Amino acid sequence: MSCSLRPVGRAQRARLERLTAATGLFRPEEVATAVELLDASLAGDDDYRFLGAYDGDELIGYACWGPTPGTLGTADLYWIVVDAARQRRGIGTELLKAVEERLSADACRLIVVETSSRADYAPTRAFYERRGYARVATIAGYYAPGDDLAIYLKDLRNGVLARTAS
Ligand SMILES: CC(C)(COP(=O)(O)OP(=O)(O)OC[C@H]1O[C@@H](n2cnc3c(N)ncnc32)[C@H](O)[C@@H]1OP(=O)(O)O)[C@@H](O)C(=O)NCCC(=O)NCCS
């Protein structure tokens, strides 16, 4: 499915909140955090950058990332969300590629993604793995008993980006 990628503005704030909540994966406080990061970004905080995927004027997905504080050339992908009704059509891949291209242009070396080991995150983990991210660490029980933190990593210098670009 073709979509256009553009910045996320204040006008998309409510839609971004709805999209995030509608995934059914995130607790209300996590949804609130996504909106807080957008507010910080719109207020000029360069630690949080947003890119939106649009169908016409409608926001149908977004990614949020930023440089990891205290590192040289490492970035965190904080959020990537696609409208539940439009998943598995390549939109998440387009967003991820665009984030990687921006980070490569900024001489970023490593992209780190944190996600959950829960069964309902299996499609999310498959998404990262299919896009060249390696699971490099697990912290058992991090989020809750039985809900581990899974840390994924992509090294942009290894040409992984080029290999997954097709
Ligand atoms: C993860 C997410 C952003 C991917 O976006 P998307 O537009 O569906 O992704 P794409 O269509 O580009 O890629 C789909 C890939 O994801 C994986 N995937 C997505 N849904 C899947 C499912 N139901 N079952 C298995 N794999 C799935 C597959 O690896 C698939 O690749 P393939 O089609 O080549 O097999 C989207 O599913 C989403 O918003 N999920 C909920 C929110 C979330 O988990 N965000 C990340 C944590 S912050």
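Helices (H or I, at least four residues) and strands (E, at least two) are taken as DSSP runs and numbered from the N terminus. With that in place, welcome to the ligand site: six residues of the shell around the ligand come from α4, the largest share. This is a predicted model, in which local features need pLDDT of at least 70 and side-chain atom pairs count only at pLDDT 80 or more, while totals for chains, interfaces and linings use all residues. Residues are numbered from 1 along each chain as its sequence is written, and side-chain values use heavy atoms, with hydrogens and water left out.

**Around the ligand**

- The ligand is surrounded by 20 residues (a residue is near if one of its heavy atoms lies within 4 Å), and I80, G90, T93, T124 and R130 are the closest.
- At least two shell residues come from each of β4 (74-82), α3 (91-105) and α4 (122-130).

**Polar contacts** (pairs of N or O atoms within 3.5 Å)

- A ligand nitrogen lies 2.7 Å from a polar backbone atom of I80.
- A ligand oxygen lies 2.8 Å from a polar backbone atom of V82.
- The side chain of R130 places an N or O atom 2.6 Å from an oxygen of the ligand.

Methods. A polar contact is a pair of N or O atoms within 3.5 Å; within protein, one must be able to donate a hydrogen and the other to accept it, and residues adjacent in sequence count only if both atoms are side-chain atoms.
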